[in-house]
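Biologist: I have a new chain to look at and would like to go through it with you. Can you bring it up?

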Amino acid sequence: MNTYELPENFMVDNKNICGYRVRMIREQTRKANGRKMTQTELAERLQSLGVECDRLAICRIETGLRAVTDFELVALSKALGVKVNWLLFGKDDADNTED
């Protein structure tokens with residue numbers, strides 16, 4: 001998995017640090033027909049994991065307008081097939097710091 005640095009000034013008004021990476025990995029996730037995963041499809045995956053989340057909530061997470069709880073973060077990592085550490089820090093290793 002690549003490291004995805006947050007855009008400059010990303011944290012100024014955002015309510016989460018994972019939204020940018022959620023959008024990046026969602027858009028890179030290709031379905032069998034070659035198209036990217038939609039926000040609705042991600043919301044459906046989260047609902048199948050027991051997390052009530054609709055397309056608008058995904059949009060608000062991705063744009064930093066909505067906070068993400070710890071259990072939502074774990075569900076997002078499962079739904080997207082990435083580690084929680086990657087969603088938070090952009091890396092899979094144990095180094096939990098932003099460079």
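Modeller: Of the chain's 99 residues, 40% count as buried, where buried means under 20% relative accessible area, exposed over 50% and partly exposed in between (1.4 Å probe, protein chains only). This is a predicted model: local features need pLDDT of at least 70, side-chain atom pairs count only at pLDDT 80 or more, and totals for chains, interfaces and linings use all residues. Residues are numbered from 1 along each chain as its sequence is written, and side-chain values use heavy atoms, with hydrogens and water left out.

Biologist: How many helices and strands are there in the chain?

Modeller: Five helices and zero strands. Helices (H or I, at least four residues) and strands (E, at least two) are DSSP runs, numbered from the N terminus.

Biologist: Which residues in the largest nonpolar core touch the most other members?

Modeller: Val-22, Leu-42, Leu-46, Cys-53, Leu-80 and Leu-87, out of 20 residues in that core. A nonpolar core is a set of buried Ala, Val, Leu, Ile, Met, Phe, Trp, Tyr and Cys residues joined through side-chain atoms within 4.5 Å.

Biologist: And which elements give two or more residues to this core?

Modeller: Helices H1 (19–28), H2 (39–48), H3 (55–62), H4 (70–80) and H5 (84–89). The largest share, five residues, comes from H4.

Biologist: What is Leu-80 in contact with?

Modeller: Leaving aside neighbours within four places in sequence, Leu-80 is in contact with Val-22, Ile-25, Arg-26, Met-37, Leu-42 and Leu-87. Contact means heavy atoms within 4.5 Å.

Biologist: Now H3. Which of its residues are buried?

Modeller: Ala-57, Ile-58, Ile-61 and Glu-62. Seen down the axis of H3, these buried residues fall within an arc of 135°, so they line one face of the helix. The arc is that of the directions from the helix axis to the C-beta atoms.

Biologist: What covers them?

Modeller: The cover over the buried residues of H3 includes H1 and H2. Just after H3, Gly-64 takes a positive phi of about 80°.

Biologist: Remind me what a disulfide is?

Modeller: A covalent bond between the sulfur atoms of two cysteines.
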